[in-house]
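The following note sets out points for a colleague who is examining the model. Please read the points with the sequence and the coordinates at hand.

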Amino acid sequence: MLVALPTPELARLEAVSRYAILDTLPEATFDRVAQLAAQFFRVPVALVNIITTEHSWSKACVGVDLRQMDRQLSFCARTIEQDGVFVSLDLARDPRFVNHPLVGGPGAFRFYAGAPLRTPDGYNIGTLCVLDHAPRAEVTAVEREALMGLAALAVDELELRRARRAAEREAETRQRLVDDLRRATAHAETLAALSALADLDLDPQTLVGSAVALLAQLSPLDWAGLLGEREGQLTVETIWSPSGEAPPPPPFLQAPTRAVEGLLSRAMTWEAPCFLESLLGVSEKPHGAFPPCEWMEEGMRGAVLAPLGQLHGIRYLLVALRREERPWGRAERELFQVASRTITGALLRQDREDHMRREARHDPLTGLENRRSLDELLGADLPPCAVAVLDLDGFKAVNDREGHARGDVLLRLFAGALAAELPPGASLYRLGGDEFVVVRRGVDDRASAEAAVLEQIDAAVATARAAGFHEVAASFGVALWPGEASGPAATLRLADERMYADKRRRSPAIEPSPTGG
C-alpha cells in the first residue's frame, strides 16, 4: 500500500534528487570535510549522510564502513527535522535511543552530534555528523558553530558539483548543437554539390563516381560500383573506393548468382533506393532482399541499391557497400535518395538533349543526316574526298499525280536503298526536297567516284521502280576536294552545278538551281 508523503517531504526529496549524489563513488572533497569534523571533535567516526525516503546513505565515511542504513535507525533522521545542531551527549541514557541497536552492546555508540546539510533554498537533505563510543559532558558553542560551518562547506561542494554538472550538460548541449549545425551544413553543401553535378555533361561513370565521393564524406562506405544492363546483359564497374584506386568488384557481383542477378535487374526499375543491413535485414524491402550470404561473405554489413534511370538504352544501378555494422541513418537515406533522383534526372536530361541534337542533325522523314550536319562536316577540317550531289528525277510528278504521302514513300525508299549501297567511309545526307549528297573520304579520282555513284543510283532507282514508281530516275554530279575547288563549300557547289548539267542533258528545258550554293 502506497502512503502519500507530505508536501514538505516531497519538496525535500526533490532537492535531494537535484544534486544527483546518491550511489556515486567517494569524492576527496567530502572525505576531507568528514576528516576535519572527526579531528576537530576528536572522535573516531564522522559521516556525510544524505537522507532519502527509506535510507540514510553515506557520501563520506571516517572510522566506519557504513554506506547505507535504514532511515528509522539513523540518528540523522532526527537531525534533518531541525535547523541547528542536534546533540545526544549520552545515547544510552537518551530516552529516544535507549533501545537503539547501535547504542547497546560492545562497540556501541554513546555520543552523537549532527548538523543538517541545508540547501540555499532551505531544504535539509542530509547531515554532517560525528559519533563516539564514549559519552560527552557537553558540546560547546564553538563546536556547534564549527560543525555547522563544516556542514555548510559540504553543501557548498554539492552546489559546485551541481553547477559543474549543469555546465557540462550545457557544454554538451552546445557541442551537440554545433555538431548538428556542422552536419546540417555539410548535408546542405553536399545536396548543393549534387545539384551542381547534375548540370554538368558528364558520362554516367564520372557523374556517379563524383556523386559517391560526395556521399562518402557523410556516409562511411567501403566500395561503390555502377551496374549497367542492356538487353539482359549485366556489366559492373568500380567507380569509387576509399583508396582512390579502382579495385575489382566483389566476386558476388563479378559473377552474380541467378538470385543476385535477378534482384539487381529488378532494382534498376525501382523508384527509390533500397537499404540493407546485416542485423536488421532489409530496412525498406518492397521487392526482396540481397541473399545475405552472397554479400556478407565479402565482409560487407550494409548495402544500398539505388536505381539511376537509363541513358542510350542502358539502365543503371548504383551499388554502395560498407563493412560497418550499423543501421542507415535518416540523413544517409535522404542523401542517397536525393542522389538517386538527381542522377536519374541528369541522365534523363542528357538522353533528351542527345535526342534533340540527333533530331536537329537528322531528317525526320528518311532518318538521314540533314543539311545542318552536312554544313558542320564541310565547315570542319575535311579530309580529301569526293562530293556527289543527287537529284531524284520524276519526284514532282509523283507528288502531283499520287499525292505527298506517296511522294514521302518514294523518298524513304530511295534514301534507304542509297544508304544500303554506301561503301565504308561514305556518308549520305538529305540536302532538302528530293536532293541528296554522298561524301566519300579518301577518293581522289573523279571517274571512279562517278562510276561508284552511278552504280549506287542504279540500285536505288531499281528499288523505287520495283515499288511501283516506274518513271523515277536520278541525276548526279561529282566534285573532288581539294583538287577541284577552293574549299569544301565550293566543292559542294561544283558538284551541284555538274548535277544540273547532267539533268539538262536528260531534259534540256531544266534551269540550274542555287541549292548547293
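1. In this predicted model, arginine 118 and aspartate 83 are joined through their side chains by a salt bridge, with an N to O distance of 2.8 Å. Arginine 118 belongs to strand 5 (residues 111-118), whereas aspartate 83 sits in the loop between helix 3 (76-79) and strand 4 (86-88), so the contact ties together parts that are 35 residues apart in sequence. Arginine 118 has a relative accessibility of 38% and therefore counts as partly exposed, the limits for that class being 20% and 50%.

2. The salt bridges of the model number 33. One of them is formed by the side chains of arginine 136 and aspartate 132, at 3.8 Å from N to O. Are these two residues buried or exposed? Arginine 136 and aspartate 132 are both buried. The charged end of arginine 136 also sits over the ring of phenylalanine 111, at 5.0 Å from the ring centre.

3. A further salt bridge is that of lysine 503 with aspartate 393, where the closest N and O atoms are 2.0 Å apart. This pair links distant parts of the chain, since lysine 503 is found in helix 14 (residues 488-506) and aspartate 393 in strand 13 (residues 385-393), 110 residues apart. Both lysine 503 and aspartate 393 are buried.

4. Which strands pair with strand 13? Strand 15 (residues 435-441) pairs with strand 13 in the antiparallel sense over 7 bridges; within this pairing, alanine 386 has arginine 440 as its bridge partner. Strand 16 (residues 473-481) also runs antiparallel to strand 13 and is joined to it by 9 bridges. There, aspartate 393 has alanine 473 as its bridge partner, while the side chain of aspartate 393 takes part in the salt bridge with lysine 503.

5. Another sheet is open and consists of 6 strands in the order 3-2-1-6-5-4, with antiparallel pairing. Strand 3 (68-70) and strand 4 stand at its edges with a single partner strand each, so one side of each has no neighbour in the sheet. On average, neighbouring strands of this sheet are turned by 25° against each other, direction ignored.

6. Helix 2 (residues 28-41) touches strand 1 (45-51), strand 2 and strand 6 (124-132), and its direction makes about 75° with that of strand 2. Helix 4 (residues 141-198) lies across strand 4, strand 5 and strand 6 and runs at about 40° to strand 5.

7. A search of the whole structure gives 9 aromatic pairs. Among them, phenylalanine 75 and tyrosine 112 form a tilted pair, 5.5 Å centre to centre with 50° between the planes. Phenylalanine 75 lies in the loop between strand 3 and helix 3 and tyrosine 112 in strand 5, so that the pair links distant parts of the chain, 37 residues apart. Phenylalanine 75 and tyrosine 112 are both buried.

8. Phenylalanine 86 and phenylalanine 97 form an edge-to-face pair, with 6.3 Å centre to centre and 80° between the planes. Because phenylalanine 86 is part of strand 4 and phenylalanine 97 lies in the loop between strand 4 and strand 5, the pair ties together parts that are 11 residues apart in sequence. Both phenylalanine 86 and phenylalanine 97 are buried. Phe75, Phe86, Phe97 and Tyr112 make up one aromatic cluster.

9. Finally, a network of salt bridges links Arg322, Glu324, Arg326 and Glu332. The charged end of arginine 322 sits over the ring of tryptophan 328 as well, 3.6 Å from the ring centre.

Conventions: Residues are numbered from 1 along each chain as its sequence is written. This is a predicted model: local features need pLDDT of at least 70, side-chain atom pairs count only at pLDDT 80 or more; totals for chains, interfaces and linings use all residues. Side-chain values use heavy atoms; hydrogens and water are left out. A salt bridge is a side-chain nitrogen of Lys or Arg within 4 Å of a carboxyl oxygen of Asp or Glu. Helices (H or I, at least four residues) and strands (E, at least two) are DSSP runs, numbered from the N terminus. Buried means under 20% relative accessible area, exposed over 50%, partly exposed in between (1.4 Å probe, protein chains only). Two strands pair if DSSP finds at least two bridges between them. Axes are lines fitted to C-alpha atoms, for helices over the stretch in contact, and angles run from 0 to 180 degrees between N-to-C directions. Contact means heavy atoms within 4.5 Å. Rings of Phe, Tyr and Trp (its six-membered ring) pair if their centres lie within 6.5 Å; planes under 30 degrees apart count as stacked, over 60 as edge-to-face and the rest as tilted. A charge sits over a ring if NZ of Lys or CZ of Arg is within 6 Å of the ring centre and within 35 degrees of the ring normal.
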